[in-house]
Amino acid sequence: MTQSLIDRLGARLGPAGLLTEEADMAPFAIDWRRLFPGRPACVVRPASTAEVADVVRLCAEAGAALVPQGGNTGLAGGAVPDGSATQVVLSLARMNAIRRVDPVGLTLTAEAGCVLKLAQDAAEAAGRLLPVSFAAEGSALVGGVIATNAGGINVVRYGMTRGLVLGLEVVLADGSIVDGLRALRKDNAGYDWKQLFIGTEGTLGIVTAAVLRLVPKPRHTATALLAVPDPAAALRLFTLAQEEIGDSIQAFELISGTSLALVETHAGLRSPVGTAGWTVLIEAASSLSGLREAMEGVLGTALEREDALDGVLAESGRQAADLWALREHVTECEARAGKSVKHDVSVPITAIPAFLDEAGRVLEAGAPGTRVNAFGHMGDGNIHYNVLIGPEHASEAINGLVHGVVDRYGGSISAEHGIGQYRVAELARHRHPDEMALARRIKAALDPQGLMNPGKVLARA
Ligand code: FAD
Ligand code: MLT
Ligand code: ZN
C-alpha cells in the first residue's frame, strides 16, 4: 500500500516534489534537538495549495498519516514522523512566496513555507515591522510559526503569533481547501475557525498561507543590559520600566549566570556586565523622541535603588546586536553543553522569583548534581527552566519535580513551544480531563481518520 501511494504522490508532484532516498530524507526525519529520530515513508514537497490538497486527499484515501513540517526548528518533536516508515512528511518549504505587503493596511500575505526572517525583511523594506521574533527566525517558516503559535522576544508588547494572524488558508484532513485569507481588523461574522489551526501543531489541518498583521516600524530603539542582584530585583525593574517607558517596552528578558557562562564557554561571547548572578535585557522602541533618555532614567533609578548592580545602554545598532547575541546563543550553547531537560513554563509574572527559588530547592533535594539553565521572557511570565543532566538522571523524574512547582503556582507546562510528542503525557497529567475530552472531540470532528500528525499534542486514540 505504501509503495502504491508513493507512486501516486510522485505522479502528482513530479521529481522535485518527492524524496524517497534515505539520505535525502534524513534532515526531515529528526528534530532540531535530535531527541526524536523517525523514519518517513517519503517526504513530499508540494509547490502550491492545490498540490497540498491533492497530497492530503491521496493520503486520506490510502489511510496514510501526514506529518507537516516547516523549518523543523520546533523544540517539542512535533514535526518529525514516528519510526514506522509509514508516515508521509509534508514539507511546506517550496511554498515560499510573499504574495503581498500592504504598508497602508499594515498586512503581509505569505505562503506557509516563507522563512520568517524573509517575511520580516519584506515588512521592513516597506517601513513596517512583523513583530514575531526569536533566535530560530532564520530557519522557522511562517506556517510552523502559526502552527506553534510561537512567542519569542516581543510578546510583552505585541502578543503571541495568534494575535498577528488576520486570515488563513488551510487544507483540511479530507483534502478540501478553505480560503479565509481576509485582511480584516474586525470580523465577527460567524465562528473564528482559523483559531483551530493556530497552535495546534498540524493535528487538525495544514496551514498553506496567511495574512499577518504588521505594525509601523518604530524609529528609535533603546537596548540595555543590566546585572541585577536577584529575580525579585528584576521584577521591581520590570515594574519601573513599565511605569517609566510604558508600552514602548518590547522585550524584557531574564538570563541566569549559568546561561551566560554557557554562552561564554561555547560561543566565546562575554557579557559586559559579568556572568555572576542574574542579568536583564530590556529593549524599548518608539517613533517618539526621548526614548534613550527614558531608558537612561530607568538605569539610573535602578542603580540608585540597588535593583541593578551594573548596566550598559547600547550606543549603536551594532552594540545592541552584540547584547542580543548573548541572549540568542543560549539555546544553541545549551545543546552543545550536553543533555538537558527543557521546561518551557509560565507562571504569573509576580510569582517568578518564588517559582525560581522553590524549583531550585526542589531540584537540589530531588535531583542532586543537575545544573539549572534558567532564562527567558520574564515580561511574559515565561521561563525556560532547562536542567542540564548527567547519565544518572531520569528526565521524567525531573519533569515531575519542576512541573509540580509550576502547578503550585497555577502555571502552564508549555508557554510557547507547544506539546509536540515531547510533552504529550505531561499535558494529559496537567490539564483537566474535561479540557482533554473537549480537545478530543475537536480532533475527532476535524480529523475523523486520525491521520493528521497522529500522536502529537494528544496521545493516539
Ligand atoms: P516545525 O518545527 O517544522 O513544526 C512545528 C510544528 O508545527 C509541528 O507540529 C509541525 O507538524 C507543525 N507545522 C509546521 N508547519 C505547518 C503547517 N504549514 N501547517 C500545519 N502544521 C504545521 N519558539 C518560540 O515560541 N519562542 C522562542 O523564543 C523560540 N526560540 C527558539 C530558539 C531556537 C534556537 C530554536 C531552535 C527554536 C526556538 N523556538 C522558539 C521553537 C521554534 O523555532 C518555533 O516553535 C517555530 O515557530 C517553529 O517553526 P518551524 O517552521 O520550524 O516549525
Ligand atoms: C528561547 O527563548 O531562546 C527558546 O524559546 C528557548 C529554549 O531553548 O528553551
Ligand atoms: Zn523562548
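Which residues coordinate the zinc ion (ligand 3)? In this predicted model, in which local features need pLDDT of at least 70, side-chain atom pairs count only at pLDDT 80 or more and totals for chains, interfaces and linings use all residues, residues are numbered from 1 along each chain as its sequence is written. Chains are lettered from A and ligands numbered from 1 in the order in which they are written, while side-chain values use heavy atoms, with hydrogens and water left out.

The zinc ion is held by NE2 of His377, NE2 of His384 and an OE atom of Glu416, at 1.9 to 2.1 Å. Donors here are N, O and S atoms within 2.8 Å of the metal (3.2 Å for Na, K and Ca), and since water is not among the atoms, sites may look incomplete. Along the chain, the zinc donors follow the spacing H-x6-H-x31-E. His377 belongs to strand β18 (residues 371-377) and Glu416 to the loop between α13 (395-408) and α14 (424-430), so this pair ties together parts that are 39 residues apart in sequence. Helices (H or I, at least four residues) and strands (E, at least two) are DSSP runs, numbered from the N terminus. His377 counts as buried, at 3% relative accessibility, and Glu416 is likewise buried, with a relative accessible area of 10%. Buried means under 20% relative accessible area, exposed over 50%, and partly exposed in between (1.4 Å probe, protein chains only).

Ligand 2 is next, and it brings some of these residues back. Around ligand 2 stand Leu75, Arg327, Thr331, Lys342, Phe375, His377, His384, Asn386, Glu416 and His417; a residue is counted if one of its heavy atoms lies within 4 Å of the molecule. By class, this shell has 2 nonpolar, 5 polar and 3 charged residues. In this scheme Ala, Val, Leu, Ile, Met, Phe, Trp, Tyr, Cys and Pro count as nonpolar, Asp, Glu, Lys and Arg as charged, and the others, Gly among them, as polar. Oxygen atoms of ligand 2 have polar side-chain atoms at 2.7 Å from Arg327, at 2.6 Å from Thr331 and at 3.1 Å from His384. The protein covers 91% of the 270 Å² of accessible area that ligand 2 has on its own, with areas taken from the Shrake-Rupley method and a 1.4 Å probe; for residues, only the protein chains shown count as cover. The elements giving two or more residues to the ligand 2 shell are β18 and β19 (382-388).

Ligand 1 has its own surroundings. A total of 36 residues surround ligand 1, and the closest are Pro68, Gly70, Gly71, Thr73 and Gly74. The shell divides into 16 nonpolar, 18 polar and 2 charged residues. At least two shell residues come from each of β3 (66-69), α5 (142-147) and β10 (206-213), with α5 supplying the largest share, 4 residues. Domain 1 (2-91) and domain 2 (98-216) both give residues to this shell, so ligand 1 lies between them; the domain bounds come from an automatic or database domain assignment. Backbone atoms also approach the ligand: a polar backbone atom of Leu141 is 2.8 Å from an oxygen atom of ligand 1, and one of Gly152 is 3.3 Å from a nitrogen atom of ligand 1. For Val207, a backbone N or O atom lies 2.9 Å from a nitrogen atom of ligand 1. Taken alone, ligand 1 exposes 970 Å², and the protein buries 96% of that.

Several individual residues complete the description. Ser133 sits in the loop between β7 (128-129) and α5 and is buried, at 12% relative accessible area. The side chain of Ser133 makes a polar contact with that of Glu137, at 2.8 Å; a polar contact is a pair of N or O atoms within 3.5 Å, where within protein one must be able to donate a hydrogen and the other to accept it, and residues adjacent in sequence count only if both atoms are side-chain atoms. Leu240, in helix α7 (residues 231-245), is buried with a relative accessible area of 4%. The C-alpha atoms of Leu240 and Val298 are separated by 6.9 Å, although the two are 58 residues apart along the chain.

Arg34 has phi near 60°; it lies in the loop between α2 (22-29) and β2 (42-44) and counts as exposed at 60% relative accessibility. Val457 has a positive phi of about 65° and is placed in the segment after α15 (433-446), where Val457 is buried, with a relative accessible area of 17%.
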